[in-house]
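Subject: Structure for you to look at

Dear colleague,

Here is the structure I said I would pass on. Please open it alongside this message; my notes come after it.

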Amino acid sequence: MEERWILFKVFRYNPKVDKFPHWDGFRVKVDRGTTVLDALLRIKEEDPTLAVRYSCRQSICGSCGMMINGKPRLACYTRVLSLGTDMVEVAPLKNFRIIKDLVVDFSDFFKKERSIYPFIIRSDAEEMMNPTGAYKQTEEELLKYLEFADCIECGCCYAACPTTATDPLYLGPQALNKAYRFIMDNRDEGAKLRLSVVDSDHGCWRCHFAASCSNVCPKGVDPAKAIQFLKGVIMREKVIGFKKEGTSLIKMPHCVQKEDQRSE
Amino acid sequence: MRKENRGGVFSWFDFRNYSLERFLYTMHRVSGIGLVIWIAIHTMQNAFPKLFPFMYGWEYTILLLLLSFHAANGMRLLITELGFLLGKTYRPVYPYKMGVIYGTQKKFTIVMLLIFFMIFLVMFYYLMLNMRVIT
Amino acid sequence: MKESNLMILHYATALILIVTGSIHLMANNIPDIGIHGPLYLANMLIFVSALMYHAMNGVRVILIELVPTRSRAISYIILVIGVIAYLYIVSLVITLVR
């Protein structure tokens, strides 16, 4: 088994104590299966004050995003030897406020996501409160937005985007991707509401198609494509109008809970 | 900026780790600003020819380079930002291809870069003709 | 104005610039093309109008990304500078082409 010693240069900063950040060096023995997250946990055994966020270690939760050798990646998804260098530089995700060491503050990020109403909006309130069936959606209608629904909200796209680097009010590729996903869903009726949020001073028009977001996305979500499609939808709405085929309800009486079966 | 850990303006020019489109974005910004400065200089040259003498030729070479790049990349941006020639949506299956930087959009980008070179060469030929470098 | 209306004008002026700009360059550099007099002047006026809008909107977009909290002030300042520069350049064009 091929084993090597790799030098890890880790960013350390505790805003409550330190005036300036500094870098600490650790030597870790890695083999061909070791991920950056494994190496960081071994470093944590040596120095327990290192702050790292991680959860599933299988690239589905989106917690361990960090700048590895200058590019935003998931630590659990990146094998150390695949980076090809003898020294690996680990820093917290760019464009987010640092809480401590490698842990950053996502509250702004989630506030922007909430501002574009990331849920299905429909007018038939009675059906939404007491469902009697399912909404019909064909395979073609599903494929229009399915790719953009795979987002795990890790923040790597937000760290890579050149516009978020200077503009703290920009919605960011993740929020715009989610807005497009809900606009193209044929079960949703809230397209006008979301388009008015997105078509603003710091909305989708501040994207200039640098495509760094799609370059770094670990789940193949492609926010750059979603944002260009979103601009196309806004333009089409002005010229020919944006009409969406709605959906119909498939009644499923065998699934509906009867009154007398509900336990008090 | 340090407290917020933002990249700042310097990250507009940091395209080492990313794809071709990031480099084209940087060049589009730089050529745009260069063209605005060029317009100002050209207006001053026409308004006060004694204060700002014409350097017949060499400033036009810079103009041609900036202009042909900005026009060709601008045409690419115009078409893709209206939602055309971006490729289809599909079910993402591992290993994930990195999105819109593969496929149809990339081929279109290469075609646009070739158009940029051709426009530049055609205009450069006429410029050299006028500067009497060639006859 | 809404941002998407400003961007529609940005794209429209880009197309106008490609057409009128190439006519301007061809008229000045290719020998024996018959574009002079009123045709040249009309082309110059359309070219300068489209150019001023496109350039000023581009500068405005860059400035808004650099100073995001002052987007209204930046828009008004750019509008004023743009109109003044446009009037000056149009007067210059008319006096020079005559």
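This is a predicted model: local features need pLDDT of at least 70, side-chain atom pairs count only at pLDDT 80 or more; totals for chains, interfaces and linings use all residues.

Chain A

The secondary structure of chain A consists of nine helices and nine strands. Along the principal axes, its C-alpha atoms fill a box of roughly 60 × 50 × 40 Å. Chain A has 264 residues, and 40% of them count as buried. If one takes the contacts in chain A between residues at least 6 apart in sequence, 67% of them join residues at least 24 apart.

One helix pair in chain A can be described in some detail. Helix H6 (residues 173-184) of chain A packs with H9(A) at an angle of about 55°, and the two axes are 9 Å apart. At that angle H6(A) and H9(A) are therefore oblique to each other. Their crossing is left-handed. On the H6(A) side the contact is made by A:Pro173, A:Gln174, A:Leu176, A:Asn177, A:Ala179, A:Tyr180 and A:Ile183. These meet A:Pro223, A:Ala226, A:Ile227, A:Phe229, A:Leu230 and A:Val233 in H9(A). By residue class, the contact of H6(A) with H9(A) has 11 nonpolar residues, two polar and no charged.

A lysine in H9 of chain A

Helix H9 of chain A also holds A:Lys231. Is A:Lys231 buried or exposed? There are 24 other C-beta atoms within 10 Å of A:Lys231, and a residue needs 20 or more to count as buried, so A:Lys231 is buried. Which residues is A:Lys231 in contact with, once its neighbours within four places in sequence are left aside? They are A:Cys204, B:Glu81 and B:Gly83. A:Trp205 lies 26 residues from A:Lys231 along the chain, and their C-alpha atoms are separated by 7.5 Å.

Chain B against chain A

Between chains B and A, 32 residues of chain B are in contact with 34 residues of chain A. On the chain B side, helix H1 (20-47) and helix H2 (58-81) each supply at least two residues. The side of chain B that touches chain A divides into 13 nonpolar, 11 polar and eight charged residues.

Chain C against chain A

For chains C and A, 10 residues of chain C are in contact with 14 residues of chain A. Helix H1 (3-29) and helix H2 (38-66) of chain C each supply at least two residues of the side that touches chain A. The largest share of that side, four residues, comes from H1(C). Its residues divide into five nonpolar, two polar and three charged.

H1(C) has 27 residues and reaches 38 Å from its first C-alpha to its last, close to the 39 Å expected at 1.5 Å a residue. Within H1(C), C:Ser4, C:Leu17 and C:Thr20 are buried. The buried residues of H1(C) pack against helix H9 (223-239) of chain A together with H2 of chain C.

Chain B with chain C

H1(B) packs with helix H3 (residues 71-97) of chain C: the axes come within 11 Å and cross at roughly 40°. H1(B) and H3(C) are therefore oblique to each other. H1(B) passes H3(C) in a left-handed crossing. From H1(B), B:Thr43, B:Asn46 and B:Ala47 take part, and from H3(C), C:Ile89, C:Leu92 and C:Leu96. The contact of H1(B) with H3(C) divides into four nonpolar residues, two polar and no charged.

Helix H3 of chain B

Helix H3 (residues 103-130) of chain B has 28 residues, which should span 40 Å at 1.5 Å a residue; the C-alpha atoms at its ends are 42 Å apart, which agrees. Its buried residues are B:Gln105, B:Thr109 and B:Met123. Among the elements covering the buried residues of H3(B) are H1 and H2 of chain B together with H1 of chain C. Just after H3(B), B:Arg132 takes a positive phi of about 60°.

Regards

Terms used:
Residues are numbered from 1 along each chain as its sequence is written. Chains are lettered from A and ligands numbered from 1 in the order in which they are written. Two residues are in contact if their C-beta atoms, placed from the backbone, lie within 7 Å. Ala, Val, Leu, Ile, Met, Phe, Trp, Tyr, Cys and Pro count as nonpolar, Asp, Glu, Lys and Arg as charged, and the others, Gly among them, as polar. The expected span of a helix is 1.5 Å times one less than its number of residues. A residue is buried if 20 or more other C-beta atoms lie within 10 Å of its own, exposed if 12 or fewer, and partly exposed in between; C-beta atoms are placed from the backbone. Axes are lines fitted to C-alpha atoms, for helices over the stretch in contact, and angles run from 0 to 180 degrees between N-to-C directions. Angles under 35 degrees count as roughly parallel, over 145 as roughly antiparallel, 65 to 115 as roughly perpendicular and the rest as oblique. A crossing is left-handed if the near helix is turned anticlockwise from the far one by less than a right angle, and right-handed if clockwise.
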